[in-house]
Amino acid sequence: MPTKKLTKRWLYNNFLVILIFLSALIIAFSLAIRNYYYNSVLSVVKNTAAVQNASLINYSEDNTVDFSVAARKMVEDFEDKDLMELMAIDKSGTVIITSSGFSPSSDTQMPDYIAALTSPTRDASSYDTINGESVLCYTLLAPAVNDSNLSALRYVVSLTAVKRQIYILIAAAGVVGAAIIFFVILSSSYFINSIINPIDEVRKIALQISKGDFSAHLKSTTDDEIGELCDAINAMAVELQENEKMKNDFISSVSHELRTPLTAIKGWAETLMDDSVDRETTKKGIGVIIKESERLSGMVEELLDFSRLQSGRLKLNPTKLDLVAELSDAVLMFTERARQENIQLNYDEPMDILPIMGDANRLRQVFVNILDNALKYSDAGDSITVLVQVADNKATILIQDTGIGIAPEDLPKIKTRFYKANATRRGSGIGLAVADEIVSMHNGTLTLDSKEGVGTTVSITLPLTV
């Protein structure tokens, strides 16, 4: 399921990064705390050693004092013996006396003493484990006195209490980290669910729409990208529903448009099969068959153009031509039909040549389509006026009729493929869409202005060439 994959992706990416970051932070904090406490203990030991060393220096410089006896007494009477142990080491590296009174075993390693012997600062420290207890050892070499066997003073401090405090702080940091992770999981779970649940709902509705249920809609509960997605899907469903209705209407309309001429052709063909039909009836029948065949041919050509338009195969063969000549030819084609239908067709052919780069056949197709629509949506007694205007190196052709007009709710969709504003008038509903596409391919524009019961004006604007 996609939503589960989204959760896993968040866990693997965001949560894993947060976990690694917090772990690294806790480790860094633990090391910092350890170094801080260990350095603090070492600093205290060094300060204590400095005080003791100062006393040894005073003893070495006072001729009235027996240095060896004074050093022994200083170790035995060490006032911080409750905090640390002080050891006196002779020049052979052996511990000769301790503040606790207990001498360490002979095999005790003293790396800090060995390091102090070669250190420029005459001191060194080390961390060791004695009898299972972690300790800090610090050695400071004693002042050189001729008749003294004292080599250095060594300080040993237990780190048990310090480590306990460090563990407490690390545990506290771990608890804080765990609390942060818990809060992140809690807040993120809420956030993820607020995304996943709507997405899952979108998925379900999208599946319904894909199966043809265009009535399925989403409830937009948030004013964010998900809310906009829900609105977009709802709009898509409405658009698909309208397109589906237009497609069905188109199929119904085309079927009706095809059935009418086919019925006429079939009827007259059956009539003409009868040998008793006179010559006048035969001529009339053949005329009907020719007319209806031409009508069928035009419809098939229109459907082919629509197919080319859908697949992007509608191509132009542009040449330099006279726009007025193409328009006049188209008007001439409808002059007789307008007369027969008692519709007045007004056209004053301009005397000037209007040169354009275009496809003559396609432009004539546009003019024929617009004029055909004007006649279809006009009744006896109406008029159609064709005007040509030139401005800003562009030619505008106006085809105005006083027919039934287009309803305001239909006007924005009139150029949409399959859409028919008036189902009572013949036509497939794709001619205007094809005409608009052809004009666009000539870098022109096709616009409609209509008022119901008053008439319609179609404006075709095309760029002129020199």
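Biologist: Which residue in strand 12 stands opposite aspartate 449?

Modeller: First, this is a predicted model: local features need pLDDT of at least 70, side-chain atom pairs count only at pLDDT 80 or more, and totals for chains, interfaces and linings use all residues. Residues are numbered from 1 along each chain as its sequence is written, and side-chain values use heavy atoms, with hydrogens and water left out. Strand 11 and strand 12 (residues 455-463) pair in the antiparallel sense over 7 bridges; a strand is a DSSP E run of at least two residues, and pairing takes at least two bridges. Across from aspartate 449 you'll find threonine 457.

Biologist: Which strands sit at the edges of the sheet?

Modeller: It's an open sheet of 5 strands with mixed pairing, in the order 7-9-10-12-11. Edge strands pair on one side only, and here they are strand 7 (344-347) and strand 11 (445-451).

Biologist: How much does the sheet twist, on average, from one strand to the next?

Modeller: Think of an axis as a line fitted to C-alpha atoms, with angles from 0 to 180 degrees between N-to-C directions. From one strand to the next, the twist averages 15°.

Biologist: Which members of the largest nonpolar core touch the most others?

Modeller: A nonpolar core joins buried (under 20% relative accessible area) Ala, Val, Leu, Ile, Met, Phe, Trp, Tyr and Cys residues through side-chain atoms within 4.5 Å. Of its 38 residues, the ones touching the most other members are Leu323, Phe367, Leu446 and Ile460.

Biologist: How many residues make up the other core that lies apart from it?

Modeller: Ala49, Leu140, Ala142 and Leu150 are among its members. That core's count is 28 residues.

Technical notes. Helices (H or I, at least four residues) and strands (E, at least two) are DSSP runs, numbered from the N terminus. Buried means under 20% relative accessible area, exposed over 50%, partly exposed in between (1.4 Å probe, protein chains only).
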